[in-house]
Amino acid sequence: MTNELRITSPADILSFIPHTLGFAPRESFVFITMRGNALGATLRVDAPRDADTAGFARAMADYLALDTQANAAVLAVYTDQPAAVGTVRPFHGHIEAIIETLDAAGVPLKDAWLVTSEHWKNLLCDDPRCCPIESLESIKDGQLNAELVFRGSSYKNAPGTTYPPFNGPADMIDQIECAGHVLQCSEEINARELWSEAIACSGRISQESAVQLLACFQFPTLRDVLMCTIIEPERTTAEGSAYLLVGEGIRPDWARVDGAQDAARELITAAPETYRAPLLTLIGWLSYLKGQSSVAAEHFTAALEDVPGYRFAELMEELISHGKIAPVAADETTGYRKG
């Protein structure tokens with residue numbers, strides 16, 4: 001999408017960031033690689049909390065190096081933290097270390113901006129005559145933001161995963177348990193076919209199908225098979241599927257992945273508490289494959305709130321806690337492209 005958009009100012013870049021992340025970042029460092037005059041990959045990380053400025057800068061350089069075509073980078077720092085005494089900007093030491101490290105890596109920091117809840121300004125220039133403080137409205141009122149909204153793009157005002165509380169039939173749990181019994185005792189319910197239909201219709205799922213699918217996802221073995229079929233539709237078993245979990249050596253049909261997430265969201269709204277964890281974890285896993293680690297983490301947390309100790313969510317949460325980026329997301333030829 002960036003190749004089709006005309007970006008003419010820092011305000012345009014700042015308006016692009018929440019659209020590409022899906023939310024307006026807070027207390028974050030957001031890097032965007034540059035390929036000549038074109039934007040490349042976007043990386044968001046939490047604002048650093050420790051004093052290891054060199055270590056943070058090296059980690060950022062390693063992440064940005066995944067874009068092998070990058071020859072520069074830009075940075076937006078989202079924070080309301082004031083500058084420390086004796087410094088000219090928030091995170092002054094980290095910014096200086098980033099400048100030095102990226103320059104040595106051959107991906108120099110081309111520009112940087114500070115965005116607070118009240119204004120934005122250039123982060124590398126302290127002269128108000130050439131680098132004045134700008135209003136946030138200049139970001140929202142820009143041509144690029146208008147173009148993105150016209151195309152149907154939107155974003156949340158803050159990160160976070162919220163789903164409406166269950167307000168379905170009072171006997172929904174009984175219905176799910178009954179469907180689960182049918183699954184165990186007969187072949188009346190074709191789980192793979194039901195799930196494939198739900199993916200294809202992007203979440204428009206009948207009440208009967210929702211009950212049956214919610215039952216299917218309560219069985220870990222069947223859950224794993226259904227998840228695998230999102231990437232490899234012909235699979236009938238989850239055996240030997242670890243590479244799918246970590247996103248290694250795969251080339252997903254991203255429209256199908258989007259359809260699966262839509263279907264999972266629809267099922268979540270139909271699910272009572274303690275029946276949502278498998279779907280929340282599924283959405284988080286697919287977000288991880290897309291390179292959306294923040295969204296993934298929020299869903300794993302929500303899954304563990306729904307079912308404390310839910311093992312699949314714990315495993316995925318541990319994976320991304322080490323800063324792991326899915327190989328499929330790190331490769332431009334296989335990375336997520338919104339349909």
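**Aromatic pairs and sheet architecture of the predicted model**

A search of the whole structure identifies five aromatic pairs, where rings of Phe, Tyr and Trp (its six-membered ring) pair if their centres lie within 6.5 Å, and planes under 30 degrees apart count as stacked, over 60 as edge-to-face and the rest as tilted. The rings of Phe29 and Phe31 have centres 6.5 Å apart and planes at 50°, so this pair is tilted. Phe29 and Phe31 are both buried, buried meaning under 20% relative accessible area, exposed over 50% and partly exposed in between (1.4 Å probe, protein chains only). Ring pairs join Phe29, Phe31, Phe56 and Phe91 into a cluster. Trp254 and Tyr336 form an edge-to-face pair, with 5.3 Å from centre to centre and 85° between the planes. This pair links distant parts of the chain, since Trp254 lies in helix 11 (residues 254-270) and Tyr336 in the segment after helix 15 (327-330), 82 residues apart. Trp254 and Tyr336 are likewise buried.

The structure is a predicted model, in which local features need pLDDT of at least 70 and side-chain atom pairs count only at pLDDT 80 or more, whereas totals for chains, interfaces and linings use all residues. Residues are numbered from 1 along each chain as its sequence is written, and side-chain values use heavy atoms, with hydrogens and water left out. The mean pLDDT (the predictor's confidence in each residue, from 0 to 100) of the protein is 90, and 94% of its residues reach 70 or more.

An open sheet of six strands has the order 2-1-3-4-5-6, with mixed pairing. Strand 2 and strand 6 (134-135) stand at the edges with a single partner strand each, so one side of each lacks a neighbour in the sheet. Helices (H or I, at least four residues) and strands (E, at least two) are DSSP runs numbered from the N terminus, and two strands pair if DSSP finds at least two bridges between them. Strand 1 (residues 28-35) and strand 2 (residues 38-46) pair in the antiparallel sense over seven bridges, with Phe31 opposite Leu43 in strand 2. In the hairpin of strand 1 and strand 2, which has two residues between the strands, Gly36 adopts a positive phi near 65°. Strand 3 (residues 72-78) and strand 4 (residues 109-115) instead pair in the parallel sense, over six bridges, and Ala73 stands opposite Leu109 in strand 4.
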